[in-house]
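Hi everyone, thanks for coming. Let me put the structure up on the screen, and then we'll walk through a few residues together.

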Amino acid sequence: MSILPETTREYVLTKVGAYRNLEIRESPVPKLGASDVLVKVHAVSLQYRDLAISIGAYNVGKNENIVPCSDMAGEVIAVGDDVKEWNQGDRVCSNFSTGHLHGDPDEASVATSLGGQSPGVLTQYRTFPADALVRFPSHLSYVQASTLPFGLQLAVASGATVIATSSSDEKLEIAAKLGAKHLINYRTTPDWDKEIKRITNGLGVDHVLEVGGAGTLPRSLSAVRMGGSVPLIGFISKARRIFDTAESNLILPIITKSVDVRGVYIGSVAQFRDMNRLIEANPDKVVPVIDKVFPFENAASAYAHLESQKHVGKVVIELSKGISDTNTKHTAVLIQYIDGARRALRAYVTPP
């Protein structure tokens with residue numbers, strides 16, 4: 001049996017307020033429990049939550065000494081005595097909340113959220129509960145797998161018709177290549193909800209993937225059909241002072257259109273596995289795409305690149321280059337981050 005690492009180099013956000021407060025520290029690797037799996041982390045992708053936590057815009061109940069980041073892909077190097085499902089060499093991702101196995105989230109599972117409420121994955125080695133891990137699709141590299149999950153391509157693979165919005169025509173062209181059928185530049189077409197109604201012959205769409213929050217929710221409610229749904233997954237747009245106008249009345253359209261508006265924190269392990277089966281069945285349609293990969297030592301630069309909103313795609317920090325990553329060419333954009341750190345691309349899904 002190979003000798004297991006006793007220490008790990010990991011990033012710590014010493015104080016909330018700026019990502020420049022990230023420091024590399026050497027810490028002991030926790031002792032492997034009977035139901036634990038020790039994973040060598042190969043790649044970590046950034047999401048808006050990571051940036052928001054670092055600058056103090058997302059409260060996770062602590063303000064210092066946070067091991068950041070939640071999205072990773074790595075390699076199993078050891079398993080506890082009671083672990084039967086995993087073996088050395090298996091390629092895995094961890095669920096965002098390690099305690100959210102199935103069903104709805106609860107306070108206990110939220111407390112296991114990586115990179116905030118619980119220590120994150122921007123570390124060379126980390127132990128995970130065995131039941132928190134999932135195998136990622138075989139056609140993906142570690143860098144690509146670290147970016148799961150993502151939106152538009154899943155909708156296309158599921159047979160939906162996707163209407164995409166962005167502030168950039170160039171980025172919309174990329175969305176089209178990834179399967180979006182209808183494209184709307186919301187800067188040149190600020191009343192994009194009316195354009196969606198036109199496209200759908202006045203009906204509206206079945207689902208609006210709402211990442212903007214207060215700044216875009218009124219138009220999302222306008223764009224959705226009666227009985228449709230608006231899963232709310234983000235808060236990156238700025239709220240406008242419209243509270244004295246009819247547009248600000250969110251309650252009335254929710255009631256009169258019977259719209260299902262639901263906050264989405266994150267999926268469970270069971271849902272992660274279901275998603276991976278969909279990806280595995282559609283390897284040509286669902287390939288994560290990457291903007292830029294940073295080395296481990298340059299994590300702060302990766303955060304800065306995310307904050308700049310200049311990227312067209314996912315920002316990844318690579319800790320160790322795996323064999324499967326050596327000859328992998330990473331495409332230049334991930335659709336859910338097509339407008340940079342603001343994630344201002346929304347996918348409006350209509351029936352196939």
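Let's begin with Val315, which sits in strand β14, the stretch covering residues 314-318. Before we go further, please keep in mind that this is a predicted model.

So, is Val315 buried or exposed? Val315 has a relative accessible area of 1%, and because buried means under 20%, Val315 counts as buried.

What is Val315 in contact with, once we set aside its neighbours within four places in sequence? The list runs through Val44, Ser45 and Leu46, then Lys292 and Phe294, and finally Ala302, His305 and Leu306. Take His305 from that list: His305 and Val315 are 10 residues apart along the chain, and their C-alpha atoms are separated by 7.7 Å.

Now let's move to another part of the chain. Please find the loop between α1 (48-55) and β4 (71-79), where you'll see Asn65. Cys69 is in the loop between α1 and β4 too.

Why stop here? Well, most residues other than glycine have a negative phi. Asn65, though, has a positive phi, near 55°, and Cys69 has a positive one as well, near 80°.

To recap the tour: we saw Val315 buried in its strand, and then Asn65 and Cys69 with their positive phi values.

Conventions: Residues are numbered from 1 along each chain as its sequence is written. This is a predicted model: local features need pLDDT of at least 70, side-chain atom pairs count only at pLDDT 80 or more; totals for chains, interfaces and linings use all residues. Side-chain values use heavy atoms; hydrogens and water are left out. Helices (H or I, at least four residues) and strands (E, at least two) are DSSP runs, numbered from the N terminus. Buried means under 20% relative accessible area, exposed over 50%, partly exposed in between (1.4 Å probe, protein chains only). Contact means heavy atoms within 4.5 Å.
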